[in-house]
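Subject: Structure handover

Hello,

Here is the structure we talked about. My notes on what turned up in it follow below.

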Amino acid sequence: MSETSSDEARRLAEGARNRVQFEEEALALADQVYRVARGVSRTKEEAEDLMQETYARAFRSWQSYTPGTNLRAWLLRILTNLNIDRGRRAQRAPDSQPLEETDYFLYNRIEAATGETEEERVLQRLSQDNVAEALSEVPHDFRDVVVLVDIGEFSYAEAAQILDIPIGTVMSRLHRGRRILKKELADLAVDSQ
C-alpha cells in the first residue's frame, strides 16, 4: 500500500470517528432541543417536525461545527433559524395587545371573576396544555426569547447569541413576552372555571 493511500485511509477513518462522536454528542442533547422546540411550536407534531429538521440540518452540516464550542447553542441556533423561516412563511403578524397591565394581571382577573386569590387555585386550573396553548399565542419574536430563557434556561447572553440579537433586545422581548403570556394564562384560567 502506498503512503498516500495509507494517509487517505487514516484521514477517512478519523473523519468517520469525528462524525460518530458529533452525532452521539448531538443526540445526547435531544431532550433539551425538543423542550425548546415544544416551547416555540403550537403542537407536539410541529415540535417533532422542527426537531427532526434541526437534526437533519445539523447532520448534513456537521463539519461546520467547531469541536469544543457550545454544541447545545449551535443546535438551538439551527432550530431558531428554522423556526424563524417557518414563521416568515406563515406570515404571522404579532397580536396587538395592550402591555400596560400590571404584573398581577392573572390574579386580578381571577379575583374579579371569582373572588379567589390563592395561587394553588390558579395552578389547579391551568394544565400543561393550557400553558402550551397560551405560549403559542405569544408573538413569534417574543416567544423565542421566553422559551430560550425561561424554559431552556439560557442566560441572556446565550439567548442573544442563539437569536443573533443584542442582549438589550433579549431583555425587552422577554419582558413583553412574559406580559403577553401572563394575559393569555389569565384568560385561560378564567375560561376554565
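By the side-chain criterion used, the count comes to eight salt bridges. Please keep in mind that this is a predicted model.

Glu23 is partly exposed at 24% relative accessibility, and Arg19 is partly exposed at 28%.

Another salt bridge joins the side chains of Arg42 and Glu137, at 3.7 Å from N to O. This pair connects distant parts of the chain, 95 residues apart: Arg42 lies in the loop between α2 (30-40) and α3 (44-60), and Glu137 in the loop between α7 (128-136) and α8 (140-151). Arg42 has a relative accessibility of 35% and counts as partly exposed; Glu137, at 31%, is also partly exposed.

Lys183 and Asp187 meet in a salt bridge at 2.9 Å, N to O. Both belong to helix α10 (residues 167-191) and are four residues, about one turn, apart. Lys183 is partly exposed, with a relative accessible area of 23%, whereas Asp187, at 16%, is buried, because the cut-off for buried is under 20%.

As for the overall picture, the protein has 10 helices and zero strands. Of its 193 residues, 40% count as buried. The accessible surface is about 11400 Å², with 49% of that belonging to carbon and sulfur atoms. Among contacts with a separation of 6 or more, 70% are between residues 24 or more positions apart.

Regards

Technical notes. Residues are numbered from 1 along each chain as its sequence is written. This is a predicted model: local features need pLDDT of at least 70, side-chain atom pairs count only at pLDDT 80 or more; totals for chains, interfaces and linings use all residues. Side-chain values use heavy atoms; hydrogens and water are left out. Helices (H or I, at least four residues) and strands (E, at least two) are DSSP runs, numbered from the N terminus. Buried means under 20% relative accessible area, exposed over 50%, partly exposed in between (1.4 Å probe, protein chains only). Contact means heavy atoms within 4.5 Å. Accessible areas come from the Shrake-Rupley method with a 1.4 Å probe; for residues, only the protein chains shown count as cover. A salt bridge is a side-chain nitrogen of Lys or Arg within 4 Å of a carboxyl oxygen of Asp or Glu.
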